[in-house]
Amino acid sequence: MNLSGIGLNNCNCIFSILDCPYETPYLYNFSSESIMIDFNKVKSLISEADRILLTTHENPDGDGLGCCAAMYFHLREIGKDCRIINCSRISSEYSFLNSEQIFEVHELVQHQDWIKNVNLVIIFDVGDIKRLQTICSEINSYSLPTLNIDHHPHDDDNLFTYNLVDVNAAATGEMLYNYLKLARSGQLPKEICEGIYTAVMTDTGSFRYSNTNTKCHEIAIECFRSGINHSYIYQQVYETNSKGRIKLLGNILGNLTFECDNELAWFIIDKSTLDECDSTSEEVGGLTDFVRTIRGVEVALMILDSGHDTCRINYRSKGKYIINGIAKSLGGGGHPLAAGAVLEGSMETVLPKVLNETKQSLQEQKYQSK
Ligand SMILES: [Mn+2]
């Protein structure tokens, strides 16, 4: 597998149903065959649609949210009836993108009249349509055409109508930037650049991860020229930890387990840990990335049981081992070096299963590489 360009992604590749406000049965009866398209087709799809819904995955990250904001301001400027409606709420570190209250959380009754007459749903940063949670069932109910713009690997039998996928893009924001440069003339305005910069900055770990390319820096230059406040954006995203989250970090660092010749570091978080630290399951993002920074550790693994009889697991790899295969075998997915899954069951049942699968896969990969 060629890993150049596929970097250590900061997104939470987690398939959580915990934030879902209500249970919805998913009926995958989409009839359309998924079609791979180019930027010109994107432009014609947008020009033919009057009402456009923008959305991204559950537990949204800076890439998905930044793309929604940037595209929203572009579409508003060209006169589209456009809204951003997500299945999860926007977390506080990204609230600077929401100064005009453009992000809405999906409410079935409140939104259905608007949604049922949508001409096009543009979905950012989603490899698996199930990650849209309740939005997915709305798409299904009203047979809405979907345009997926993303840099995750996709199954051939994915359920999007149109796909614009580039697994070599550092961020979905990089793809959106390329589209906007084609669709518009001149420099991008500040309000669009704030979203694009947030997307690229967060998915490249502030231009540090292996996926960072010259394009990312070119994008940053244009964003700087537009007048964005880059240090403000950085501080909002990375320097607004709650005391609870730092307490949680301290707790997990004191309780790491090292296995496989210290190449695997894993930790568990359960409801009592969260309560003890005055933290919440929404604050676990980035903890696995931090554990991966330990010298000699190749793979970091988090197992989170927040008491709803499901466990979230999250993997980060430095590059020696590919971990989205393990995540997939456990019912999840993601990037080669950043992946996750949600498993049914409590910590007692999930933990041994996950550890067995993980250790076996690392052993096999080590053996194969010899
Ligand atoms: Mn992304």
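Two strands pair if DSSP finds at least two bridges between them. Helices (H or I, at least four residues) and strands (E, at least two) are DSSP runs, numbered from the N terminus. On those terms, six strands here form an open sheet of mixed pairing, in the order β8-β9-β10-β11-β13-β12. The model is predicted: local features need pLDDT of at least 70, side-chain atom pairs count only at pLDDT 80 or more, and totals for chains, interfaces and linings use all residues. Residues are numbered from 1 along each chain as its sequence is written.

**Overall build**
- The protein chain has 13 helices and 13 strands.
- Its radius of gyration (taken over C-alpha atoms) is 20 Å, close to the 21 Å that the globule rule gives for 370 residues, so the chain is as compact as a globular protein of that length. The globule rule is 2.2 Å times the number of residues to the power 0.38.
- The C-alpha trace spans about 55 × 45 × 45 Å along its principal axes.
- Buried residues make up 45% of the 370 residues. A residue is buried if 20 or more other C-beta atoms, placed from the backbone, lie within 10 Å of its own; it is exposed if 12 or fewer do, and partly exposed in between.

- β9 (residues 264-270) and β10 (residues 299-305) pair in the parallel sense over seven bridges.
- A265 stands opposite A300 in β10.

**Nonpolar cores**
- A nonpolar core is a set of buried Ala, Val, Leu, Ile, Met, Phe, Trp, Tyr and Cys residues joined through C-beta atoms within 7 Å.
- The largest has 60 residues; I52, L54, C68, I122, L176, I196 and V200 touch the most other members.
- Helix α2 (residues 62-77) gives the most to this core, with eight residues.
- A second, separate core of 34 residues includes L264, C277, V284 and Y321.

**Helix α6**
- α6 (residues 190-203) reaches 20 Å from its first C-alpha to its last. That is close to the 20 Å expected at 1.5 Å a residue, taken as 1.5 Å times one less than its number of residues.
- Twelve of its 14 residues are buried, including I196, Y197 and V200.
- What covers these buried residues includes α2, α5 (172-183), α7 (214-226) and α8 (230-238).
- G205 follows α6, and its phi is positive, near 55°.

Notes
Contact = placed C-beta atoms within 7 Å.
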